[in-house]
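Open the model in your viewer and keep the sequence panel beside it. The stops below say what to select and what is found there.

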Amino acid sequence: TELALEFVRHVDVHKLGDYEQESEGSSHVLIATFVHASTCLPANDVCNTLRMELLRCGFVERIAAFILENCPSEPPSWSPALWPKGDLLNAKKKGQLEKHW
């Protein structure tokens, strides 16, 4: 539990991109480490326990909320195949969607 809490405490999702932009010669260590740790932990008792504790700490929900932040709730206006049949876009709504996308 302590390791998971430390991990959660030190990963500020809103700063992951900021660190990359601080200097031109940045090696993107923070985001690379985050992605690697998030996706490549081996399947063993220690890592499985860490995964379970991260779930209990709400880490996955924080990452999902960060990824989906400002995500459009409707398909893009230029993809009519994604819209329900009979749901026509008027010019105003189409312009709003294009601006949002």
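Contact here means that heavy atoms lie within 4.5 Å of each other. Keep that cut-off in mind, and note that the model is predicted.

**Stop 1: E53**

Select E53, which lies in helix 4. Which residues is E53 in contact with, leaving aside its neighbours within four places in sequence? They are T1 and A4. Buried means under 20% relative accessible area. E53 has 12% relative accessibility, so it counts as buried.

**Stop 2: T49**

Stay in helix 4 and move to T49, which is also placed there. Now show the C-alpha atoms of T49 and T1: they are separated by 8.5 Å, although the two residues are 48 apart along the chain.

**Stop 3: the whole chain**

Zoom out and colour by secondary structure. The chain has 6 helices and 0 strands. Read from the N terminus on, its elements run α-α-α-α-α-α. Of the 101 residues in the chain, 19% are buried. Consider next the contacts between residues at least 6 apart in sequence: 46% of these join residues at least 24 apart.

**Stop 4: the largest nonpolar core**

Select A4, V8, V11, V13, F34, L50, L54, F59 and I63 together. These 9 residues make up the largest nonpolar core. Helix 1 (2-10), helix 4 and helix 5 each supply at least two residues of this core.

**Stop 5: the largest pocket**

Rolling a probe the size of a water molecule over the atoms shows where empty space is left. In this model, the largest pocket has a volume of about 190 Å³. To see its lining, select F7, A37, S38, L41, L50, R51, L54, L55, F59, V60 and I63. Helix 3 (29-39), helix 4 (45-56) and helix 5 (59-68) are the elements that give two or more residues to this lining. Which helix gives the most? Helix 4 does, with 4 residues.

Colour the lining by residue type. It divides into 9 nonpolar, 1 polar and 1 charged.

**Stop 6: N70**

Follow the chain to N70, in the loop between helix 5 and helix 6 (91-100). Is N70 buried or exposed? Its relative accessible area is 69%, so N70 is exposed. Check its backbone as well: phi of N70 is near 65 degrees, a positive value in a residue other than glycine.

**Stop 7: the cysteines C40 and C71**

Select C40 and C71. C40 counts as partly exposed because its relative accessibility is 44%. C71 is partly exposed as well, with a relative accessible area of 45%. A disulfide is a covalent bond between the sulfur atoms of two cysteines. How many disulfides does the structure hold? It holds 0.

Key:
Residues are numbered from 1 along each chain as its sequence is written. This is a predicted model: local features need pLDDT of at least 70, side-chain atom pairs count only at pLDDT 80 or more; totals for chains, interfaces and linings use all residues. Side-chain values use heavy atoms; hydrogens and water are left out. On a 1 Å grid over the protein atoms alone, a cavity is a set of points where a 1.4 Å probe fits but cannot get out, and a pocket is an open set with protein on both sides within 12 Å along at least five of seven lines; lining residues have an atom within 4 Å of a point. Grid points are joined across faces, edges and corners, and a volume is the space filled by probe spheres set on the points. Ala, Val, Leu, Ile, Met, Phe, Trp, Tyr, Cys and Pro count as nonpolar, Asp, Glu, Lys and Arg as charged, and the others, Gly among them, as polar. A nonpolar core is a set of buried Ala, Val, Leu, Ile, Met, Phe, Trp, Tyr and Cys residues joined through side-chain atoms within 4.5 Å. Buried means under 20% relative accessible area, exposed over 50%, partly exposed in between (1.4 Å probe, protein chains only). A disulfide is a pair of cysteine sulfur atoms within 2.5 Å.
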